Amino acid sequence: MPLNITDPIEGSFQLIGGNFAQAGEASTQLKIKLSALGVDELLIRRAAIATFEAEMNVIIYAAAGWLNYHITPNCITIRVEDMGPGIEDIEKAMQEGYSTAPEWVRELGWGAGMGLPNMKKNSDTFKIDSVVGEGTTVEMVINFP
Amino acid sequence: MTELRKKTSDSRQSFSGKNVKLKEISQLLEASIIVSPENIDDINIESACSADLMSDVLYYHSPNSLLITGLTQPHVIRTAEIAGIKAILFVLNKKPDSRTIELAQQQNIPLLSTQLCMYTAAGILYEAGVRSLRDY
């Protein structure tokens, strides 16, 4: 099915730290949008998973953040920026299984050290930038073949 | 590689698993159905995943699969919806709260609950031909 995208589409969501009830809303909305645009099911799932993991990171670790997306006929770019504690050692944080999540987060089934690796795995391009004490920015691109 | 490992590895490559009706799964596990969408009789499960870590579920994402879990919070439904999970089975007779049930109803995701533990439930389904979301 050809993609029903002519002009770039943009949108954003505000994320509030600690608000678990909101978790997944941005990903669900994005999923509905991509589906309406005729994007392939697997690509939608990859975008939704990457977005969901990014949302969870903001909700678990940060005070607040913004999630912006930009859809063109060629790709979707998801950018998540937060006002959080920042990541001291990005290389370590990218390792599968490494986590600094508190116990109560783990009891909810999160914080198992797969968030950032899952985001990278589902993106064609993955960039992360973090300043301790200021926040973290993640940019993920998923190409439409 | 030992003979046994080799055999398992060969069977993984040659056998992609069987489709099993969700209704049949509920009978095999003597599970009660907590949320039952209208199309429940037509739901076919192609693969399964047992996990209590939501990122593990997202890692193995695959459509038309069953999630076997001990977690009953609403996040489980969100995760399922995003990962392409078709139905959720709670083990150890766990019952989800009303928010989880409500979200599952909205998303049309059937919820089942069995008295069995996760290991046994997964073992019975494996014997019935249901395979993992993905084997590496």
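This is a predicted model: local features need pLDDT of at least 70, side-chain atom pairs count only at pLDDT 80 or more; totals for chains, interfaces and linings use all residues.
View 1. Residues are numbered from 1 along each chain as its sequence is written, while chains are lettered from A and ligands numbered from 1 in the order in which they are written. H4(B) is mostly covered, with 10 of its 10 residues buried. Buried means that 20 or more other C-beta atoms lie within 10 Å of the residue's own; 12 or fewer means exposed, anything in between partly exposed, and C-beta atoms are placed from the backbone. The buried residues of H4(B) include Pro74(B), His75(B), Arg78(B) and Glu81(B). Just after H4(B) comes Gly84(B), with a positive phi of about 85°. Helices (H or I, at least four residues) and strands (E, at least two) are DSSP runs, numbered from the N terminus.

**View 2. H4(B) against H5(B).** Two packed helices are described by the angle between their axes and the distance between the axes. For H4(B) and H5(B), the angle is about 20° and the axes are 8 Å apart. H4(B) is therefore roughly parallel to H5(B). Roughly parallel covers angles under 35 degrees, roughly antiparallel over 145, roughly perpendicular 65 to 115, and oblique the rest. Axes are lines fitted to C-alpha atoms, for helices over the stretch in contact, and angles run from 0 to 180 degrees between N-to-C directions. The crossing of H4(B) with H5(B) is right-handed. A crossing is right-handed if the near helix is turned clockwise from the far one by less than a right angle, and left-handed if anticlockwise. From H4(B), Pro74(B), Val76(B), Ile77(B) and Glu81(B) meet Arg99(B), Thr100(B), Leu103(B), Ala104(B) and Gln107(B) of H5(B). By class, the residues of this contact are 5 nonpolar, 2 polar and 2 charged. Nonpolar takes in Ala, Val, Leu, Ile, Met, Phe, Trp, Tyr, Cys and Pro; charged takes in Asp, Glu, Lys and Arg; the others, Gly among them, are polar.

**View 3. The side of chain B that touches chain A.** Here 16 residues of chain B are in contact with 17 residues of chain A. Contact means that the C-beta atoms of two residues, placed from the backbone, lie within 7 Å. Helix H3 (54-59) and helix H4 (74-83) of chain B each supply at least two residues of this side. The chain B residues divide into 7 nonpolar, 5 polar and 4 charged.

**View 4. Gly109(A) in its loop.** Gly109(A) lies in the loop between helix H4 (103-107) and helix H5 (115-122) of chain A. Buried or exposed? Gly109(A) is buried, because 22 C-beta neighbours fall inside 10 Å. Apart from neighbours within four places in sequence, Gly109(A) contacts Asp52(B), Leu53(B), Met54(B), Leu71(B) and His75(B). Thr77(A) is 32 residues from Gly109(A) in sequence and 27 Å away in space, C-alpha to C-alpha.

**View 5. H1 and H2 of chain A.** Helix H1 (residues 25-36) and helix H2 (residues 41-61) of chain A pack at about 160°, with axes 8 Å apart. H1(A) and H2(A) are therefore roughly antiparallel. Their crossing is right-handed. Among the H1(A) residues in the contact are Ala26(A), Leu30(A) and Leu34(A); among those of H2(A) are Ile44(A), Ala48(A) and Phe52(A). The contact residues comprise 7 nonpolar, 3 polar and 2 charged.

**View 6. Met119(A) in helix H5 of chain A.** Met119(A) sits in helix H5 of chain A. Met119(A) is buried, with 24 other C-beta atoms within 10 Å. Leaving out residues up to four places away in sequence, Met119(A) touches Ala50(A), Glu53(A), Ala54(A), Phe126(A), Val138(A) and Met140(A). Arg46(A) is 73 residues from Met119(A) along the chain, with 8.6 Å between the C-alpha atoms.

**View 7. The sheet of chain A.** An open, antiparallel sheet holds 5 strands in the order E1-E2-E3-E5-E4. Strand E1 (9-16) and strand E4 (125-131) of chain A stand at the edges with a single partner strand each, so one side of each has no neighbour in the sheet. Twist averages 10° from one strand to the next. Strand E2 (residues 64-71) and strand E3 (residues 75-83) of chain A run antiparallel, joined by 8 bridges. Strands pair if DSSP finds at least two bridges between them. Asn68(A) has Arg79(A) in E3(A) as its bridge partner.
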